[in-house]
Amino acid sequence: YKLNTFHWHLTEDQGWHIEIKKYPRLTTIASMRKGSQIGKTNEVDNIPYGGFYTQAQAREIVAYAASKFITVIPEIEMPGHSVAVLAAYPLLSCTGGPFEVRTEWGVADDILCAGNDSVFTVMQDVLTEIMDIFPSTYIHIGGDEAPKVRWKECAKCQARIKAEGLKDEAELQSYFIKRIEKFLVSKNRKLIGWDEILEGGLAPEATVMAWRGIQAGIDAATQ
């Protein structure tokens with residue numbers, strides 16, 4: 001099929017599936033959920049589900065892909081789709097939790113706190129280990145479906161908006177993405193994210209994957 005890129009979505013609200021040695025709770029707690037939503041119903045099967053790839057397994061996949069001239073791009077979701085992370089490390093949230101790994105699909109209001117510096121420390125540590133496993137130029141950070149409900153009510157997030165001279169929570173998301181991008185660029189990598197990273201202003205060297213329509217692609221190209 002001449003496909004030469006494998007986009008590997010490794011984290012979600014419903015489970016974190018890659019070993020991070022510095023943060024073992026990402027695999028002991030964040031990788032397991034109590035059950036799974038049954039199809040398009042509102043029911044959950046209550047069958048525990050989980051697991052994760054070790055770093056050794058991930059390296060094996062990267063090496064095998066490389067032997068077939070395929071690049072693996074890892075996706076580590078932020079600031080949204082992070083309930084699994086919050087279940088393991090609730091202090092990275094705006095409210096302090098507690099949280100459980102989600103058993104149903106959809107968009108969660110609880111996301112990483114943009115006013116908390118330890119969030120950036122943890123995500124940079126995570127990305128450092130990810131970059132050590134994946135040599136791809138692009139590192140996908142998601143950036144999609146991050147409701148601003150918690151940020152609006154969070155003293156730390158509001159303080160960040162004020163301190164950085166930001167207009168609103170959309171610009172706070174842009175601040176979050178730009179800060180992560182600066183870190184990736186310092187490691188000679190490039191940030192790629194879903195089209196929500198356009199909101200509040202696009203990070204200077206970011207690449208946009210337009211999933212909600214062609215206009216986002218046009219907007220990204222003109223920027």
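Helices (H or I, at least four residues) and strands (E, at least two) are DSSP runs, numbered from the N terminus. This is a predicted model: local features need pLDDT of at least 70, side-chain atom pairs count only at pLDDT 80 or more, and totals for chains, interfaces and linings use all residues. Residues are numbered from 1 along each chain as its sequence is written, and side-chain values use heavy atoms, with hydrogens and water left out.

**View 1. An open sheet of 5 strands.** The strand order is E1-E6-E7-E8-E9, and the pairing is parallel. Two strands count as paired if DSSP finds at least two bridges between them. Strand E1 (5-9) and strand E9 (207-209) are the edge strands, and each pairs on one side only. On average, neighbouring strands of this sheet are turned by 30° against each other, direction ignored. For this angle, axes are lines fitted to C-alpha atoms (for helices, over the stretch in contact), and angles run from 0 to 180 degrees between N-to-C directions.

**View 2. Strand E6 and its pairing with E1 and E7.** Strand E6 covers residues 71-78. E6 pairs with E1 in the parallel sense over 5 bridges. In this pairing, tryptophan 8 stands opposite proline 74 of E6. E6 is also joined to strand E7 (residues 138-142) by 2 bridges, and these two strands run parallel. Glutamate 75 has histidine 140 in E7 as its bridge partner. Why is E6 largely enclosed by the rest of the structure? Because 7 of its 8 residues are buried. Buried means under 20% relative accessible area, exposed means over 50%, and partly exposed lies in between (1.4 Å probe, protein chains only).

**View 3. Isoleucine 130 in helix H4.** Is isoleucine 130 buried or exposed? Isoleucine 130 is buried, because its relative accessibility is 0%. Leaving aside neighbours within four places in sequence, isoleucine 130 is in contact with Ile18, Ile20, Pro74 and Ile76. Contact means heavy atoms within 4.5 Å. Valine 208 is 78 residues away along the chain, and its C-alpha atom is separated from that of isoleucine 130 by 20 Å.

View 4. Most residues other than glycine have a negative phi, and most peptide bonds are trans. Proline 79 sits in the loop between E6 and helix H3 (83-88). Proline 98 belongs to the loop between H3 and helix H4 (117-133).

**View 5. Positive phi at phenylalanine 69 and glutamate 145.** Where is phenylalanine 69? Phenylalanine 69 lies in the loop between helix H2 (55-67) and E6. Its phi is near 65°. Phenylalanine 69 is exposed, because its relative accessible area is 69%. Glutamate 145 is found in the loop between E7 and helix H5 (149-153). The phi of glutamate 145 is near 45°. Glutamate 145 is partly exposed, because its relative accessible area is 27%.
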